[in-house]
Amino acid sequence: MLPSWKIGRAFGIDLYIHATFWLLPLWVAFMSPGNGVELLLNLGVLVAVFGCVLLHELGHALTARHFGIGTHDITLYPIGGVARLERMSDKPLHELVIALAGPAVNVVIAALLVGVLAAVAFVDVGLVVGSLAGLFLLRVLAVNVVMVLFNLIPAFPMDGGRVLRALLAMGLGEPRATRIAVHVGVVLACVLGIGGTLQFGNPWLMIIALFIIMAGQAELRGVYLRERQRRLEAADVPMVRPLTAVPSGFFSLQPRVSVYTWDRENGQWVKESGGETGRAL
């Protein structure tokens, strides 16, 4: 298993970068033209984009913290970031809000960039379309827009898939909702991986598709295990039906004990019950 290196800490959450992350800048360098300026621009955009990815994951983590759910750490991979929450919320509405918090961060970033670019263009359009700084901001803006749209694809366990699962769980329960969301995710991942790779010639789409399928199956197994554990725990608890208080004078729940004694004088058994004495039939 390849290692991860700690790169810092934010809001009490450890931040890591996975060893495979460095495949991405190598790929960017390989795909960039021979112009050194273009290479530096692409690498600068890559650094800025993963800063946005980190903010995206912090959006998930801090929203989860609001609902009492901690985060173990955040790790950056070549295909994105992963915030390892201590647990998933058992309330679909909370999961819905946590899932949407990440893309909402990218929406805010994109809005801020649009504001900056609009202000600069108001002064001089050439500063936006004819400068490296303007081109840099335009590319970071474009990537944030793509991140919002891509993350909202309903392919579990991506953000859009979690939104789908949360909406389904409100009426179907977590196990069934997760099963449906995972099946939808597998179909969409196959379309993304195969169709996207053939159409755009980008092998990263196939890697992302495989990640979606494997991560979805792993989480589905986790949901099944948690559901089984809940049932086992419920089976171990004895079902006790509490006694209902009965108004005085209605009827008594106290048992009546019958006692028989031998009456020598009359030669028969005599029953004594509830303070009354009667003869046995």
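Analyst: Helix α1 (residues 23-31) passes helix α2 (residues 36-66) in a right-handed crossing, where a crossing is called right-handed if the near helix is turned clockwise from the far one, and left-handed if it is turned anticlockwise, by less than a right angle. Helices here are DSSP runs of H or I with at least four residues, strands are runs of E with at least two, and both are numbered from the N terminus. This is a predicted model, in which local features need a pLDDT of at least 70 and side-chain atom pairs count only at pLDDT 80 or more, while totals for chains, interfaces and linings use all residues. Residues are numbered from 1 along each chain as its sequence is written, and side-chain values use heavy atoms, with hydrogens and water left out.

The axes of α1 and α2 come within 9 Å and cross at roughly 150°; such axes are lines fitted to C-alpha atoms, for helices over the stretch in contact, and the angles run from 0 to 180 degrees between N-to-C directions. That angle makes α1 roughly antiparallel to α2, because angles over 145 degrees count as roughly antiparallel, those under 35 as roughly parallel, those from 65 to 115 as roughly perpendicular, and the rest as oblique. From α1, the residues that make the contact are Leu24, Pro25, Val28 and Ala29, and they meet Leu39, Asn42, Leu43, Leu46 and Phe50 of α2, contact meaning heavy atoms within 4.5 Å. Sorted by class, this contact has 8 nonpolar residues, 1 polar residue and no charged ones; Ala, Val, Leu, Ile, Met, Phe, Trp, Tyr, Cys and Pro count as nonpolar, Asp, Glu, Lys and Arg as charged, and the others, Gly among them, as polar.

The length of α2 can be checked as well: its 31 residues, at 1.5 Å a residue, should span 45 Å, and its end C-alpha atoms are 45 Å apart, which agrees. The expected span is 1.5 Å times one less than the number of residues. Just after α2, glycine 68 takes a positive phi of about 85°.

In α6, the residues Gly161, Leu164, Arg165, Leu168, Ala169 and Leu172 meet Glu174, Arg176, Ala177, Thr178, Ile180, Ala181 and Val184 in α7. By class, the contact of α6 with α7 has 8 nonpolar, 2 polar and 3 charged residues.

For α6, 14 residues should span 20 Å at 1.5 Å a residue, and the end C-alpha atoms are 19 Å apart, which agrees. The buried residues of α6 include Asp159, Gly160, Gly161, Val163 and Ala166, where buried means under 20% relative accessible area, exposed means over 50%, and partly exposed lies in between (1.4 Å probe, protein chains only). Arginine 162, which is found in α6, counts as buried because its relative accessibility is 15%. Leaving aside its neighbours within four places in sequence, arginine 162 is in contact with Met88, Glu95, Ala99, Phe156, Pro157 and Glu219. Two of those partners, phenylalanine 156 and proline 157, are joined by a cis peptide bond with an omega of about 10°, and proline 157 has its place in the loop between α5 (132-151) and α6.

Helix α8 (residues 203-236) holds leucine 220, which counts as buried because its relative accessibility is 8%. Apart from neighbours within four places in sequence, leucine 220 is in contact with Thr178, Arg179 and Val182. Leucine 220 and isoleucine 180 are 40 residues apart in sequence, and their C-alpha atoms are 10.0 Å apart in space. Isoleucine 207 also has its place in α8, but at 40% relative accessibility isoleucine 207 counts as partly exposed.

Finally, for the chain as a whole, there are 8 helices and 7 strands, and 35% of the 281 residues count as buried.
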